[in-house]
Amino acid sequence: MLYIAICDDDIQTTGEMELLVQKIAKRHLVDVEIEVFCDSKGLVDAVKGGSAFDIIYLDIEMEKEDGISAAKRIRQYDKNVLIIFVTGHENHMRESFAVRPFRYLLKPVNEQVMDECFKAAYDDISNDDYYFRFHYQRTSHKIAVRDILYCESNKRKVVIVTVNGTYELYGKLNEIEEKLKNCKASFLRVHQSFLVNYKHVSEQTYEFVVMDNGRKIPISECRRKVISEQYCFMEVPFYING
């Protein structure tokens, strides 16, 4: 799940941006929660109050407080959030360096450019070191989530296949799925016995997915409709991180 804020004092712009972000996120199989702010005060207060956004789309030209000033205040409370400035002019770029913006989007925002920016931001966030930790046979293990290809339930054990090797642990796939919801990677429960990392899906059909290691994993019949409706498998091409 990505937590995203959109701040612009033009209501029409925030509405258009919100719909566009939702559309692009769905295309990339990324769950998002979006909060919209019509002025910088509400946004800064939210960050100050503990709201941990992953991405902030912030308009530079606002009447009450410009976006750069707002970003400076945001950085007092959050050093890591990706700030993407939305602006109608390029002449603000030099003065914005101090707040370490991730990127700029020029108005009117083009969907393709927005898509590329979102994907770059998501890749940056999901590449952060997030680890899945577990114990097996009196040994502690730590696996980088980004390296997990898929998890397979096998009786009382779960097999975790990664780019570097295979691990086993006692437990239920439901429990692992729940733990992995806290990370930024997108995992799909395509089958009762399989949880796959979308980043490592090399191809797909309505009936199965193929992982980067060549393993073909079936999409169970009872899940095909739900996955198709939720992620538009048959209508929207996959965008694979690579």
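The dialogue below goes from the overall fold to charged side chains.

Mentor: First, the ground rules. This is a predicted model, where local features need pLDDT of at least 70, side-chain atom pairs count only at pLDDT 80 or more, and totals for chains, interfaces and linings use all residues. Residues are numbered from 1 along each chain as its sequence is written, and side-chain values use heavy atoms, with hydrogens and water left out.

Trainee: How many helices and strands are in the protein?

Mentor: Helices (H or I, at least four residues) and strands (E, at least two) are DSSP runs, numbered from the N terminus. Here there are seven helices and 15 strands.

Trainee: What percentage of the residues is buried?

Mentor: Buried means under 20% relative accessible area, exposed over 50%, and partly exposed in between (1.4 Å probe, protein chains only). Of the 242 residues, 45% are buried.

Trainee: How many salt bridges does a search of the whole structure find?

Mentor: Side chains of opposite charge can pair when their charged atoms come close. The cut-off for a salt bridge is a side-chain nitrogen of Lys or Arg within 4 Å of a carboxyl oxygen of Asp or Glu. The search finds twelve. One of them joins E111 and K23, at 3.3 Å from N to O. The pair links distant parts of the chain, with E111 in helix α5 (residues 111-126) and K23 in helix α1 (residues 11-27), 88 residues apart.

Trainee: Is E111 exposed, partly exposed or buried, and what about K23?

Mentor: E111 is partly exposed, at 28% relative accessibility. K23 is partly exposed too, because its relative accessible area is 46%.

Trainee: Which residue forms a salt bridge with E177?

Mentor: R189 does, with the closest N and O atoms 2.6 Å apart. E177 lies in helix α6 (residues 173-180) and R189 in strand β11 (residues 187-191), twelve residues apart. R189 is buried, at 11% relative accessible area, whereas E177 counts as partly exposed at 22%. Salt bridges can also share partners: K23, R27, E111 and D115 are joined that way into one network.

Trainee: Where is E63 placed?

Mentor: E63 sits in the loop between β3 (55-59) and α3 (67-74). E63 is exposed, because its relative accessible area is 78%.
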